[in-house]
Amino acid sequence: RITQEILAVAKDQVAMIILFGSYAKGTWVRDWYVEGHITYSYESDLDILVVTKSPKYRGPKGASFESDLTKRLERKGLRGKTFGAPWVTFVVEPIKYLNQQLEKSQYFFSDIKKDGILLYDSGEFKLSEAKELLPEKRKEISQKDYNHWFGKGTSFFIDTFHALEREDFNKGAFELHQATESFYSTILLVFTGYKPKLHDILQLSQMARSYNHELFKIFPCETDEQKKCFELLAKAYIDARYNYEYRITKKELLYLIERVEKLQKVTEKICLENINREIA
């Protein structure tokens with residue numbers, strides 16, 4: 001049904017639709033945990049690569065392909081906990097770029113080609129042969145990405161406390177957003193060598209949590225207060241700097257700092273484990 005809805009948005013623009021990640025590999029999870037006095041549930045996302053024919057697809061009203069797809073699936077009751085269905089995370093890339101990356105040994109796409117399940121094929125294009133990347137080289141790339149992005153995230157996290165000391169809570173929220181974005185970017189690059197060019201921490205978190213179950217527990221959104229805090233963090237990249245109406249309290253910022261500190265620790269742990277496993 002999801003494939004049908006994707007094609008309903010722009011069948012003439014779609015070259016292929018590929019299911020990847022835990023549902024393709026058969027490693028998806030549906031579980032629960034207790035934190036404090038609240039029981040939380042979590043479920044693996046459906047990860048779908050939409051390969052487009054042209055490099056710059058825009059929806060009928062100028063929206064991005066991902067935005068059009070997300071809204072359509074939500075209207076149809078096919079996305080999100082509210083509807084009793086898994087989250088659907090989209091990666092949208094043109095066929096030309098995808099083949100270039102396969103030929104460059106980009107292992108995010110190489111792994112998708114190897115393990116993914118083809119849901120739709122227009123029959124107009126072929127995927128390039130994926131070049132193998134030596135484990136030593138993959139470890140070298142992962143270590144370099146880790147050093148850069150985890151370092152950036154840690155620096156932003158430190159600056160959050162500087163803003164907190166000045167009681168500049170909006171600035172603190174912005175720095176915390178940047179820390180969150182950097183930590184999720186670290187995970188994606190260490191595990192896949194790929195990250196989308198965006199500042200949307202919701203989408204980044206959905207992509208990153210496929211690689212470790214602990215990431216489901218970073219930002220619980222079971223209560224209204226938890227949802228509000230995450231929304232404040234997600235909006236902080238723009239609104240905390242430019243929107244006069246943006247407000248975040250000290251209590252809300254401290255709660256978010258606690259969650260991002262947990263993200264930092266999980267990021268360090270799972271990334272270093274993965275890097276050391278690369279040539280094991």
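Contact here means heavy atoms within 4.5 Å, axes are lines fitted to C-alpha atoms (for helices, over the stretch in contact), and angles run from 0 to 180 degrees between N-to-C directions. The close-ups below come from a predicted model, where local features need pLDDT of at least 70, side-chain atom pairs count only at pLDDT 80 or more, and totals for chains, interfaces and linings use all residues. Residues are numbered from 1 along each chain as its sequence is written, and side-chain values use heavy atoms, with hydrogens and water left out.

**View 1. Helices α4 and α5 lie across strands of the sheet.** Helices (H or I, at least four residues) and strands (E, at least two) are DSSP runs, numbered from the N terminus. Helix α5 lies across β1, β4, β5 and β6, at about 85 degrees to β1.

**View 2. Here's the open sheet, four strands in the order β5-β4-β1-β6.** Pairing is mixed; two strands pair if DSSP finds at least two bridges between them. At the edges sit β5 (88-94) and β6 (117-121), each pairing on one side only. From one strand to the next, the twist averages 20 degrees.

**View 3. Zoom in on β1 and β4, an antiparallel pair.** Residues 14-20 (β1) and 46-52 (β4) are joined over six bridges. Ile18 has Leu49 of β4 as its bridge partner, and both residues turn up again in the lining of the second largest cavity.

**View 4. The second largest cavity comes in at about 40 Å³.** On a 1 Å grid over the protein atoms alone, a cavity is a set of points where a 1.4 Å probe fits but cannot get out; lining residues have an atom within 4 Å of a point. Grid points are joined across faces, edges and corners, and a volume is the space filled by probe spheres set on the points. Ile18, Leu49, Leu98, Leu102, Phe109, Ile112, Lys113 and Leu127 form the lining. By class, that's seven nonpolar, no polar and one charged (Ala, Val, Leu, Ile, Met, Phe, Trp, Tyr, Cys and Pro count as nonpolar, Asp, Glu, Lys and Arg as charged, the others, Gly among them, as polar).

**View 5. The largest cavity has a volume of about 60 Å³.** Its lining is Phe20, Asp47, Thr89, Val91, Phe108, Leu188, Met207, Ser210 and Tyr211: six nonpolar, two polar and one charged. The model's count is two cavities of 30 Å³ or more.

Conventions. 1 Å grid on protein atoms, 1.4 Å probe; cavity = no way out; pocket = protein on both sides within 12 Å on 5 of 7 lines; lining within 4 Å.
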